[in-house]
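Student: I am new to this structure. Can you show me how to read its features, one at a time?

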Amino acid sequence: MFPNFFSLVSLYGTYLRRCFTATGLSSQTINIDNETTIHFWGPKETTQNQKPSLVFIHGFGPMAIWQWGQQVKFFSPHFNVYVPDLIFFGDSTTKSPERSEVFQAVSVGKLMETLGVQKYHVVGTSYGGFVAYQMAKMFRERVEKAVIASSGVNLRRRDNEALLKRAKLEKIEELMLPATAEQLRTLMLLSANKRFNILPDFFFNDFIHKLYSENRMEKLELLKGLTLGREDTPNISPLQQEVLIVWGDRDQIFPIEMATELKELLGEKARLEVIENTSHVPQIDCSGQFNNIVKKFLSGSL
């Protein structure tokens, strides 16, 4: 048993921040308007160059550094990488009552505009894929290519019901905002191939305390504020950009059948790449293959 003051999560968080810094990124906070502040990791102004720009948008869970570590290391030599914390994650916050993924997309778009980045690619995973889709839809002249990873943008009402049945839970917040070690263990089992579920309860409780407790009410409002998944039919339309859909064949959050349908719904410029023996977080489960697929797509060689 570790003493109460010892936190593996805090130690690993410190390691992740050092990894981000080692790639040349710096932790920055900026006011994008008089209501909203966004924290992000990005290149220092003095190191800006002619490399293309790439935005990574995290899923619903821990802040961005916990979800894109292997991608930052891999892509930073080739792109100006930006990794924002979405609103109410990390140090990003707003006084606005808006809570939809559309508002998240507008906020990231404002961030890039404020930073003076005219063109960029976006990569979004899970909830971040909802945001990436909306950004590609709204900022057609700015978003060059979009990558949607393990993200059921074509979500229907019945898909949420099926997910809760698989999780054996009654409310979506019990899965996406776990408050107990058992709930977090269920989320890990559904999300990742790695056997995180064998870890002891004190680790999960530490994880919940450090990464899920802050802004809990606001995050619940974000779940309720989603515009997707409210209807019995998908509420999406094709995008004008080239779109790469990346999916794990063992995804239990958004089953692979959703990826196949999403490709058809997004139109002829969309392509699908399935990573075998991979679950809902291919950027973590199989980071090497994920990174190579995305890089080839962005460089035009896929």
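The talk below goes through spaces, a surface patch and salt bridges.

Tutor: First, the ground rules. This is a predicted model, where local features need pLDDT of at least 70, side-chain atom pairs count only at pLDDT 80 or more, and totals for chains, interfaces and linings use all residues. Residues are numbered from 1 along each chain as its sequence is written, and side-chain values use heavy atoms, with hydrogens and water left out.

Student: How many cavities of 30 Å³ or more does the structure hold?

Tutor: A cavity is a set of points on a 1 Å grid, over the protein atoms alone, where a 1.4 Å probe fits but cannot get out. Grid points are joined across faces, edges and corners, and a volume is the space filled by probe spheres set on the points. Here there is 1 cavity of 30 Å³ or more. The volume of the largest cavity is about 60 Å³.

Student: Which residues line the largest cavity?

Tutor: Lining residues have an atom within 4 Å of a point. In this case they are Gly61, Pro62, Met63, Phe88, Phe89, Gly90, Lys210, Leu211, Glu214 and Lys219. For classes, Ala, Val, Leu, Ile, Met, Phe, Trp, Tyr, Cys and Pro count as nonpolar, Asp, Glu, Lys and Arg as charged, and the others, Gly among them, as polar. This lining has 5 nonpolar, 2 polar and 3 charged residues.

Student: What volume does the second largest pocket have?

Tutor: A pocket is an open set of points with protein on both sides within 12 Å along at least five of seven lines. The second largest pocket has about 450 Å³. It is lined by 22 residues, and the closest to its centre are Leu155, Asn160, Ile172, Leu223 and Leu226. Helices H4 (127–138), H5 (157–167), H6 (172–176) and H9 (216–224) each give two or more residues to that lining. H5 gives the most, with 5 residues. Helices (H or I, at least four residues) and strands (E, at least two) are DSSP runs, numbered from the N terminus. By class, this lining has 14 nonpolar, 3 polar and 5 charged residues.

Student: Which residues form a nonpolar patch on the surface?

Tutor: Such a patch joins nonpolar side chains (Val, Leu, Ile, Met, Phe, Trp, Tyr) within 5 Å, from residues with over 30% relative accessible area and no salt bridge. Areas come from the Shrake-Rupley method with a 1.4 Å probe; for residues, only the protein chains shown count as cover. Leu8, Leu11 and Phe202 form one, with about 240 Å² of accessible area together. Leu11 is in helix H1 (residues 8–22).

Student: How many salt bridges does a search of the whole structure find?

Tutor: A salt bridge is a side-chain nitrogen of Lys or Arg within 4 Å of a carboxyl oxygen of Asp or Glu. The search finds 9. One of them joins Glu261 and Arg156 (2.5 Å, N to O). Glu261 lies in helix H10 (residues 256–266) and Arg156 in the loop between strand E7 (143–149) and H5, so the pair ties together parts 105 residues apart in sequence.

Student: Is Arg156 buried or exposed?

Tutor: Buried means under 20% relative accessible area, exposed over 50%, partly exposed in between (1.4 Å probe, protein chains only). Arg156 is buried, at 13%. Glu261 is partly exposed, at 26%.

Student: Where do Lys210 and Asp206 lie?

Tutor: They are 4 residues apart in helix H8 (residues 201–211), separated by about one helical turn. Lys210 is partly exposed, at 33%, whereas Asp206 is buried, at 12%.

Terms used. Patch = residues over 30% accessible without salt bridge, like charges linked within 9 Å, V, L, I, M, F, W, Y side chains within 5 Å.
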